[in-house]
Amino acid sequence: FKGKIKKSFDQRESTKKMSSIITESSPNLSLLENGGGGSDKPTAEMSRRVRRTVSTSSLIRQRSDLKLIARVRWEFLRRILTNLQEVVLGTKLFILFPAVPLAVVAHRYDCPRAWVFALSLLGLTPLAERISFLTEQIAFHTGPTVGGLMNATCGNATEMIIAILAVGQRKMRIVKLSLLGSILSNLLFVLGTSLFLGGISNLRKHQSFDSRQGDMNCMLLYLALLCQTLPMIMKFTMEAEEYDGSVVVMLSRASSFVMLIAYLAFLIFHLFSSHLSPPPPLPQREEEEDVYDDDVSDKEEEGAVIGLGSAIFWLIIMTLLVALLSEYLVSTIQDAADSWGLSVGFIGIILLPIVGNAAEHAGAVIFAFRNKLDITLGIALGSATQIALFVVPVTVLVAWIMGIEMDLNFNLLETTCLALSIIVTSLILQDGTSNYMKGLVLLLCYVVIAACFFVSNSPSTQTDTAKANHTITKR
């Protein structure tokens with residue numbers, strides 16, 4: 001009898017040791033997704049858990065009730081209804097889907113163009129979230145590597161489509177404002193809101209994160225800032241009679257290739273080489289027992305809910321709808337600004353990023369509420385890095401292919417706001433800890449920048465970079 005008791009006690013102790021080992025290693029799973037790493041390669045199950053945890057679309061997914069659809073006799077019709085249920089009604093943002101046909105009708109029957117702009121802006125919100133959801137579904141079928149590459153490419157598809165369509169209409173000012181606004185929104189508004197609300201909701205808990213993730217993203221953002229600052233400095237250092245806009249355009253194109261090389265290297269490190277550098281020991285968190293607190297609610301997320309072919313088909317449909325609404329958005333932004341009494345700079349830098357990426361922003365805030373700041377930083381900083389190092393240079397090169405001259409000169413005011421935002425963000429994240437005061441500082445910085453563009457009357461009708469540079473030089 002004593003031997004049985006001793007054996008049972010030994011088994012209980014070994015179980016406790018194994019659970020403590022799993023708990024200590026669990027924080028590293030999210031780091032594998034966000035550019036950190038562990039000493040071993042993640043298994044397929046670990047990759048699935050990381051992908052599921054980091055997904056923002058799963059946070060606002062609506063559980064589908066397929067009981068009525070299951071009663072349909074014909075399998076083909078049942079499959080179509082299931083896809084419609086999961087893709088269209090499977091999100092809490094489905095109430096905004098009527099804005100998509102309303103925007104088309106308003107544009108077709110010549111309704112006030114400010115209405116077309118507002119409806120297009122609202123319609124882009126669920127479409128952008130569904131693109132993220134469909135990319136996640138494809139990742140379930142193709143594996144973590146291909147899924148990671150798709151997320152890196154399609155993560156900011158809405159911003160890229162808007163920028164390319166604006167380039168086609170030669171509205172360079174809108175292109176630069178929308179891209180700059182997306183970066184500032186992620187660095188100051190999304191991250192600031194997440195740290196502020198997460199700090200308030202976790203006042204009695206120790207909030208920490210892997211500072212290496214912030215260091216990596218800030219380092220890449222500094223590189224993007226250098227590439228965007230040099231064309232502006234070159235323009236100001238050249239004499240008026242010696243100024244040639246083609247030189248700045250050539251430098252911008254060369255800088256775009258440099259940024260794409262840096263982004264490609266970051267993807268290689270992110271997807272293939274992150275396991276080579278073991279992380280330093282992380283501080284013990286008080287909420288470690290809650291790392292897997294959503295296992296029960298996430299069980300239905302373990303597999304794909306639609307097939308690979310259906311996911312690709314719906315991804316094409318959603319992308320075409322985004323392109324259609326983006327065209328409406330770009331063509332009516334000036335009329336909306338005039339109708340609402342706002343500057344185009346304020347709409348492009350503040351309104352477009354906040355409304356267009358509302359789903360992704362909500363995901364970052366929810367993770368901060370759960371005190372999972374590594375995932376929050378991966379969403380906010382990762383999106384800002386992707387826009388700065390991938391979307392911006394791709395837009396410049398696409399304009400080159402279209403025979404349009406576009407440079408990286410974002411003007412003095414915009415470049416200064418970007419530089420100060422990156423500096424403040426890097427200083428706040430350097431110690432690897434968080435509190436509500438840090439989030440409040442980021443939010444106040446965003447408020448000051450918003451006020452600056454609210455009172456400014458930025459030129460919005462410039463259709464060509466050379467024309468804009470010539471006007472500034474004459475002044």
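What share of the 475 residues of the chain counts as buried? The share is 51%, where buried means under 20% relative accessible area, exposed means over 50%, and partly exposed lies in between (1.4 Å probe, protein chains only).

## Getting your bearings

This is a predicted model, in which local features need pLDDT of at least 70 and side-chain atom pairs count only at pLDDT 80 or more, while totals for chains, interfaces and linings use all residues. Residues are numbered from 1 along each chain as its sequence is written, and side-chain values use heavy atoms, with hydrogens and water left out.

The chain has 19 helices and 0 strands. Both are DSSP runs numbered from the N terminus: helices are H or I with at least four residues, and strands are E with at least two. Among the contacts in the chain with a separation of 6 or more, 85% join residues 24 or more positions apart; contact means heavy atoms within 4.5 Å.

## Helix H14 and helix H13

Let's visit helix H14 (residues 344-356), which packs with helix H13 (residues 308-340) at an angle of about 115°, the axes being 9 Å apart. Axes here are lines fitted to C-alpha atoms, for helices over the stretch in contact, and angles run from 0 to 180 degrees between N-to-C directions. H13 is therefore roughly perpendicular to H14. As for the naming, angles under 35 degrees are roughly parallel, over 145 roughly antiparallel, 65 to 115 roughly perpendicular, and the rest oblique.

The crossing of H13 and H14 is right-handed, a word used when the near helix is turned clockwise from the far one by less than a right angle, with anticlockwise giving left-handed. On the H13 side, Leu 329, Ile 333, Gln 334, Ala 336, Ala 337 and Trp 340 meet Val 344, Ile 347 and Leu 352 of H14. These contact residues of H13 and H14 divide into 8 nonpolar, 1 polar and no charged. In this scheme Ala, Val, Leu, Ile, Met, Phe, Trp, Tyr, Cys and Pro count as nonpolar, Asp, Glu, Lys and Arg as charged, and the others, Gly among them, as polar.

## Helix H14 and helix H10

H14 also packs with helix H10 (residues 172-201), at an angle of about 50° and with axes 8 Å apart. That makes H10 oblique to H14, and their crossing is right-handed. Residues of H10 including Leu 177, Gly 181 and Phe 189 take part in the contact, as do residues of H14 including Val 344, Gly 348 and Leu 352. The contact of H10 with H14 divides into 10 nonpolar, 6 polar and no charged residues.

## A look at the cysteines

How many disulfides does a search of the whole structure find? There are 0, a disulfide being a pair of cysteine sulfur atoms within 2.5 Å. Cys 417 is buried at 11% relative accessibility, whereas Cys 452 is partly exposed at 25%.

Thr 385 sits in helix H16 (residues 373-401) and is buried at 1% relative accessible area. Leaving aside residues up to four places away in sequence, Thr 385 touches Asn 217, Leu 220, Leu 221 and Phe 390.

Two others lie in loops. Thr 91, between helix H5 (75-87) and helix H6 (99-108), is buried at 0%. Ser 456, between helix H18 (436-455) and helix H19 (465-474), is buried at 16%. The C-alpha atoms of Ser 456 and Ser 343 are 6.9 Å apart, although 113 residues separate them in sequence.
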